[in-house]
Amino acid sequence: MENTQNPRAEVEADTFSVRRTIHINAPREKVWRTVTEPELISQWFGQIVLTGAGVGAVGTIGWPGERRVPIRVDTFDPPSEVSYRWCNEEGPLPETVDEQRSTVFRFTLEPTPGGTRLTVVETGFEHTSDPTGLMADHRGGWDEELDKLVALLEQSS
């Protein structure tokens with residue numbers, strides 16, 4: 001599913017990050033719930049299970065046919081910003097988030113006339129075994145997953 005209304009994600013090689021900003025025709029509070037509540041995240045992103053709420057909540061996220069990776073909520077500032085740290089290296093995964101082999105993705109939400117501007121920035125790829133490969137993979141992932149988010153929210157608005 002391709003959303004031609006929003007620009008694609010971009011790799012920023014000098015900062016080892018991936019960034020995408022999109023506009024969603026839905027109120028910020030609704031977008032906030034959909035990027036922070038596990039049952040709603042699971043409708044457009046990976047299947048996520050979290051124990052606890054807010055900063056420090058831990059769990060796993062995964063996609064059908066793929067392994068589940070550890071994830072943790074690192075920041076939680078309703079309804080403006082939330083970040084998740086996750087392990088996504090190849091090879092054996094730790095049972096909990098490994099600070100040395102993880103990246104962080106941060107959602108920032110800003111109200112706009114008629115909707116919400118959502119920016120995702122994923123950082124920390126310099127700490128992975130294959131920064132270039134993982135940045136390219138995650139760039140495509142953010143395009144696909146955020147297009148699903150837009151479709152979900154705009155069909156129900």
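**Figure 1. Overall fold of the predicted model.** From the N terminus on, the elements of the protein run β-β-α-α-β-β-β-β-β-β-α, where helices (H or I, at least four residues) and strands (E, at least two) are DSSP runs numbered from the N terminus. The radius of gyration is 15 Å, close to the 15 Å that the globule rule gives for 157 residues, so the protein is as compact as a globular protein of that length; the radius is taken over C-alpha atoms, and the rule is 2.2 Å times the number of residues to the power 0.38. There are three helices and eight strands. The C-alpha trace spans about 45 × 35 × 30 Å along its principal axes. This is a predicted model, in which local features need pLDDT of at least 70 and side-chain atom pairs count only at pLDDT 80 or more, while totals for chains, interfaces and linings use all residues. Residues are numbered from 1 along each chain as its sequence is written, and side-chain values use heavy atoms, with hydrogens and water left out.

**Figure 2. The largest nonpolar core.** This core has 35 residues. A nonpolar core is a set of buried Ala, Val, Leu, Ile, Met, Phe, Trp, Tyr and Cys residues joined through side-chain atoms within 4.5 Å; buried means under 20% relative accessible area, exposed over 50%, and partly exposed in between (1.4 Å probe, protein chains only). The residues with the most contacts inside the core are Ile-24, Trp-44, Phe-105, Phe-107, Leu-118, Trp-142 and Leu-146. Among the elements that give two or more residues to this core are β2 (17-24), α1, β7 (102-112) and β8 (115-123). Helix α3 gives the most, with eight residues. Of the 157 residues of the protein, 46% count as buried.

**Figure 3. Surroundings of Trp-44.** Leaving aside neighbours within four places in sequence, Trp-44 is in contact (heavy atoms within 4.5 Å) with Thr-34, Val-35, Phe-107, Glu-145, Leu-146, Lys-148, Leu-149 and Leu-152.

**Figure 4. Helix α1.** Helix α1 (residues 28-36) is mostly covered, with seven of its nine residues buried.

**Figure 5. Thr-15 in its loop.** Thr-15 lies in the loop between β1 (10-12) and β2. With a relative accessible area of 41%, Thr-15 is partly exposed. The C-alpha atoms of Thr-15 and Leu-146 are separated by 22 Å, and the two residues are 131 residues apart along the chain.
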